[in-house]
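Please read the points below with the structure open beside you.

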Amino acid sequence: MGLLDPDTRDGRVIFFLPWMNYALAGTTDSECSITDHPSPSESEVNFILEEISSYLSSEIQVRRGDVLSAWAGIRPLVRDPNSSDTQSIARNHIIDVSPSKLITIAGGKWTTYRSMAEETVDKAIKVCGLKPSSPCRTKGLLLEGAHGWSPNLFIQIVQEYGMDVDVARHLTGIYGDKAITIANMSKLTGLRWPILGKNYIPNSHLFEQKLNMHAGNMLVMLLIF
């Protein structure tokens with residue numbers, strides 16, 4: 001379970017997310033120049049450290065040396081052509097319809113892709129007078145890995161494949177019912193317990209069958225493109 005605060009001292013969002021026995025914290029939001037290799041500045045790192053300190057016990061001090069890694073990315077923002085303010089920046093997506101009924105959607109982010117698509121199609125229906133045979137059906141559509149998932153799936157994997165409980169819980173939380181596919185690719189650990197799931201890094205969930213699966217996916221992607 002993570003923590004999200006949308007109201008920091010300067011209006012930016014801050015979050016904590018647990019990740020493989022560590023914690024991810026972020027983010028900043030500042031104007032930057034376009035570069036192929038964006039990197040975080042020390043002021044941005046210090047902002048995050050200072051901000052998260054208010055959520056921790058006074059006995060705990062997070063220092064710069066506690067940061068194992070920091071990275072940055074560039075998020076493109078768009079100006080709303082229908083806004084009277086020429087400096088208006090949209091942090092969500094916008095849908096614009098030209099006089100010739102060309103529909104353009106811009107902005108947005110990965111986490112809102114489904115609603116962006118729904119709004120765009122709804123706009124096309126309205127603007128072009130289309131008559132769909134049914135309403136949007138994607139809101140409740142199960143994604144890959146969700147069809148056979150249940151909160152107790154990790155128990156099945158522990159019992160049937162002899163995997164460590166934490167590893168099984170991690171796999172089902174990340175991959176859903178595809179965790180069974182990974183379990184079937186597992187190799188013997190050579191230990192009495194766990195029987196399957198050879199770790200490459202101690203105390204982590206990075207083990208051989210996951211690397212093999214991702215390597216296979218990467219190969220397929222390269223062949224397709």
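**Notes on the predicted model**

1. Five salt bridges are counted in this structure, which is a predicted model. In general, side chains of opposite charge can pair when their charged atoms come close.

2. Which residue does Glu118 pair with in a salt bridge? The partner of Glu118 is Arg114, and the closest N and O atoms of the two are 2.9 Å apart. Both residues belong to helix H2, which covers residues 113-128, and the four residues that separate them correspond to about one turn of the helix. Glu118 counts as partly exposed because its relative accessibility is 23%, and Arg114 is likewise partly exposed, with a relative accessible area of 23%.

3. Is Arg63 exposed or buried? Arg63 counts as exposed because its relative accessibility is 54%, and the cut-off for that class is over 50%. Asp66, with a relative accessible area of 35%, is partly exposed.

4. Turning to the strands, an open sheet is formed by three of them in the order E1-E2-E3, and the pairing is antiparallel. Strand E1 (3-5) and strand E3 (22-26) are the edge strands, each of which pairs on one side only. From one strand to the next, the twist averages 15°.

5. The pairing can be followed strand by strand. E1 and E2 run antiparallel and are joined by three bridges, and across this pairing Leu3 stands opposite Phe16 in E2. Strand E2, made of residues 14-19, pairs with E3 in the antiparallel sense over five bridges, and here Leu17 stands opposite Leu24 in E3. As background for reading these positions, the side chains in a regular strand alternate between the two faces of the sheet.

6. What phi does Met20 take in the hairpin of E2 and E3? Met20 has a positive phi near 50°, and the hairpin has two residues between the strands. Helix H1, which consists of residues 42-53, lies across E2 and E3 and runs at about 85° to E2.

7. On the surface, Trp19, Tyr22 and Leu68 form a nonpolar patch whose accessible area together is about 410 Å². Leu68 is placed in the loop between H1 and strand E4 (78-79). Leu68 counts as exposed because its relative accessibility is 67%, which is above the 50% cut-off for that class.

8. Ile125 is another nonpolar side chain to inspect, and its place is in helix H2. Leaving aside residues up to four places away in sequence, Ile125 touches Leu130 and Pro132. Ile125 has a relative accessible area of 23%, so it is classed as partly exposed rather than buried, a class that requires under 20%.

9. For the protein as a whole, there are six helices and seven strands. Read from the N terminus, the elements follow the order β-β-β-α-β-β-β-β-α-α-α-α-α. Of the 225 residues in the protein, 23% are buried. Among contacts with a separation of 6 or more, 38% come from residues 24 or more positions apart.

Terms used: Residues numbered from 1 in each chain as written. Predicted model: local features only at pLDDT ≥ 70, side-chain atom pairs only at ≥ 80, totals over all residues. Heavy atoms only, no water. Pairing = 2+ DSSP bridges. Axes fitted to C-alpha atoms, helices over the stretch in contact; angles between N-to-C directions. Contact = heavy atoms within 4.5 Å. Patch = residues over 30% accessible without salt bridge, like charges linked within 9 Å, V, L, I, M, F, W, Y side chains within 5 Å. Areas by Shrake-Rupley, 256 points an atom, 1.4 Å probe, with all protein chains shown as cover. Salt bridge = Lys/Arg side-chain N within 4 Å of Asp/Glu carboxyl O. Buried < 20%, exposed > 50% of the residue type's maximum accessible area, 1.4 Å probe, protein only.
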